Amino acid sequence: MSSLAQKKGFGAFIWDYLTTVDHKKIAILYLISGGFFFLVGGLEAMMIRIQLMKAGNDFLSAGLYNEIITMHGTTMIFLAAMPLLLAFMNAVMPLQIGARDVAFPFLNSLGFWLFFFGGIFLNLSWFMGGAPDAGWTNYASLALASEGHGIDFYSLGLTISGFGTLIAGINFLVTIINMRAPGMTYMRMPLFTWTTFVASALILLAFPPLTIGLFFMVFDRLFDANFFVVEMGGNTIIWEHLFWIFGHPEVYILILPAFGIFSEIFAIFSRKRLFGYTALVFATILIGFYGFMVWAHHMFTVGLGPTANAVFALATMIIAVPTGIKIFNWLLTIWGGSISFTVPMIYAVAFIPSFVAGGVTGVMQAMAPLDYQLHDSYFIVAHFHYVIVGGVVLGILAGTHLYWPKMFGTMLSEKLGMITFWFFFIGFHLTFFIQHFLGLMGMPRRVYTFGADQGWDLFNMISSVGALFMAIGVLVLLVNVVLTQVKNVRVGNDPWGDGRTLEWAIPSPPPFYNFAQTPLVRGLDTYWIEKMEGNKEGMVYAEPLGDVHMPNGSIIPLIMSFGMFVAAFGALYFLDDTKPWALAVLIIGLGITFGSMLVRSLKDDLGFHITKEELIEDAKRGGNTDGLK
Amino acid sequence: MDLNKRYTAQSWPDHPETATLEGKNKFVGFWLLLAAETVTFASLFATYLALKDRGPDASEFTAAGLFELPLVFAMTMILLTSSLTSVYAMHHMKNHNFKAMQAWLGITVLLGLTFLGLEIYEFNHYVHLGFGFTTSAFSSAFFTLVGTHGAHVLFGLSWFIALMVRNSKRGLNMYNAPKFYLAALYWHFIDVVWVFIFTVVYLMGVIG
Amino acid sequence: MAHDTPEKIRSHAEHEYLKKKRSTEMRHQLTSFAIMIFLTLIAFTMVAAGFSAYLIVPIILLLAAVQVVLQLYHFMHLSNKGHGTVAFFMFSGMFVAFITVLALVTIVWW
């Protein structure tokens, strides 16, 4: 079954990635597609800022502007930030807990392809009669009135990619629950693993309401149902609730893994154990718990009544407490450490004041009466960009630099990294800080232009210049990536020199079976402990060298996801009289999906074994060959 | 894992469903899925409750006027019984009695099919009364909630049938034991949802 | 390796003991089934008898809850060993389910 394949052709290389169930390769797929959508979303952002550069600009029409802001938000949240974080979770979490793969390698691949086809479907709207234009929150009162199929692309695309995310969440949870190496107790798990765990739990419980809301939206628009149709007895507020019951935990799904990445960075580059590890863990869990009880603060002005507003205002203020605990723990981790200001560390240090600024404006908005004033103004835009960009995106950029060597075996240039950082960081504050004041001056959110007499010209101009800075930063990062991969200077196990957790104890990139022998974990910061005790191998083993069981690759996940993609087109044109083939397409698509599901369950797939001899041979070659298959 | 390995009742492990790592993973993963399903159905129930009896001004259809209990009672009894028969099937699975397990699963499937038939009859009946999916907000919410449950029943039945047919020749092994176990768990969960449907939708519907 | 289960062949006595234990368990399952049927009957009868809605609603909701507990703990073995983690997630799911329903029955119409 297993043989040593050496040189592979290009076709075989592509086929390998299409059929892979290896969490490290899936991580790379997530990184590439998430990165691509990040660029798309960034392009949309640039167009927004060009349009708002001066008063009365006509770069974009009002309708196109609506489509672009909708797609900017949707793309950035669902197709860029989440997949990029899933990329790091996939790449690092199994290594951190000493596992050979995730619990369900097949489902891991399925999750990726569902996300991928959902994202493609959503973006095809640009070429097929117009993108969604009701904002990323897609409020039903607007969405039902929207012409064309834009909204349908939104609801069907997000349904498909939402299934993918749910699958990924379950997969990570089971991996962490069942597949930790011997000795890796819950309270010895690295913080990134912990945040992956809690974020996955949030995915598990938050995505179903979104899926149901999206289904209602699909039914209403494409199958003539009446959930949100007021004259038929429907209620549009139901959408808002379902959306935000998902939407608020979603914020934490995004920020918690970023917190995890920063926690790793602070410890590594301060060369200190994380201060208050236990407090950090419990703060993470508390944030996850409270995350479900604050959603209505997005709906203060809906008119829920004073009691509901008061309850949700209070809950929202409380959630700032565990976040504050984290900030202090990070500061105290740096305190007295032997700090090295590498690119990841500089991102982490910059993250603290940026995120705190976003957090403080968040607490301001938690006061319902004040929120009535701030609501729907640029103040809100500034606030959530401060938390999302200042928290999540800085986390993703930091993580890219930190984990690049582990994922690809090469180091991104520190020099170019610094240039990226300064452009991005200055550009970010330039863009969004001033938007607080634009909001206070009364500039409403989601307007496609403004008048010259309103006095918003200068600030908007500054904001647009800032966006340009960010764009330059991202471009430099791209150059950095290309140069690094062209130079292809290989690095060893622990390229930063101060790695603390298990992933730094194995080659970069790791062999596809990760650990020839399952490690034995003797405490928090496993690898650090072994290093300090002079253990040259970097870990102690829980088992003698023996045969390793690995899963087989499969093309079925791709086909299954493709079936959903096809079915979505059928649903899209279901009511369209000029397209009588729609029902057939819907049935064929679902047929492909369920058919391949049946094939998968009827066919035995027991995986294969790598023999002990092959492992020894592989170790002789440096243990990081990708060719064993 | 060796598929050809033969087990006897005496060498069959206590908990075959979680005896292998794959089994354990499936077991935990499936329960997590059920937790997600709980929230899914909660969203559907919540929407149903919010939209109950709401329709256009001229709408004549209300829960109190529409639902009839005898049919629902029969459906409830059938589904409850099928939950018990799948417990019997799992009892025999643990005793490594493949034939008895298949037989009880067969009964479960028959009961499930009957349930599904009655549900289709019920829906058809409502549609003929003029209460279709697109009639009102109430009708959309009702058909979506109960229909989603029905879709779960259909999926559960297909799952049982696929497992029974696929494994009819080779009997129980460590590879398929977790699959049977999870299918049975799924079936119980469907029953749990139905308990709330008959209480919240039908019983509370009839009393208005 | 984790993928190979060490085979343990039970002695005859052990086997008989286990079989007996399982039959007892199965009898308990039958009892809970009988209780479920009984509870269902009560619920339907109460509605058919036409008591006041204020009396019926809380009672049938309670009966439903009891039935669900029986299903989860007996039929689905949620109380058994090794179910701790999944029970935690199940309860978290119920918690989110509860607040979702609560919100949509209280603050959607006004």
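Here are legends for a few close-up views of this predicted model.

**View 1. Helix α3 of chain C, from end to end.** Let's start with one helix, α3 of chain C, which runs through residues 84-106. How far does α3 of chain C reach from its first C-alpha to its last? With 23 residues, α3(C) spans 33 Å, close to the 33 Å expected at 1.5 Å a residue.

**View 2. What's tucked away in α3(C), and what covers it.** Look along α3(C) and you'll find buried residues, among them C:Val86, C:Phe89, C:Gly93, C:Val96, C:Ala97, C:Thr100 and C:Leu104. An α-helix has 3.6 residues a turn, so residues three or four places apart point the same way. Keep that in mind as you check the spacing of the buried positions, which also include C:Ser92, C:Val101 and C:Ala103.

**View 3. Where chain A meets chain C.** Here, 17 residues of chain A are in contact with 14 residues of chain C. Sort the chain A side by class and you get 10 nonpolar, six polar and one charged residues.

**View 4. Where chain C meets chain B.** In this view, 46 residues of chain C are in contact with 47 residues of chain B. On the chain C side, α1 (12-49), α2 (53-75) and α3 each supply at least two residues. By class, that side of chain C has 30 nonpolar, 12 polar and four charged residues.

View 5. An unreviewed UniProt entry lists residues 30-49, 55-75 and 87-109 of chain C as "transmembrane region". Residues 30-49 of chain C are 100% helix, with end C-alpha atoms 28 Å apart. Residues 55-75 of chain C are 100% helix too, and their end C-alpha atoms lie 30 Å apart.

View 6. For chain B, the "transmembrane region" annotation in an unreviewed UniProt entry takes in several spans, including residues 30-51 and 141-165. Residues 30-51 of chain B are 100% helix and 0% strand, with 31 Å between the end C-alpha atoms. For residues 141-165 of chain B, also 100% helix, the end C-alpha atoms are 36 Å apart.

Technical notes. Residues are numbered from 1 along each chain as its sequence is written. Chains are lettered from A and ligands numbered from 1 in the order in which they are written. This is a predicted model: local features need pLDDT of at least 70, side-chain atom pairs count only at pLDDT 80 or more; totals for chains, interfaces and linings use all residues. Helices (H or I, at least four residues) and strands (E, at least two) are DSSP runs, numbered from the N terminus. The expected span of a helix is 1.5 Å times one less than its number of residues. A residue is buried if 20 or more other C-beta atoms lie within 10 Å of its own, exposed if 12 or fewer, and partly exposed in between; C-beta atoms are placed from the backbone. UniProt positions are given in the numbering used here, feature names are shortened, and annotations may be inferred rather than shown by experiment. Two residues are in contact if their C-beta atoms, placed from the backbone, lie within 7 Å. Ala, Val, Leu, Ile, Met, Phe, Trp, Tyr, Cys and Pro count as nonpolar, Asp, Glu, Lys and Arg as charged, and the others, Gly among them, as polar.
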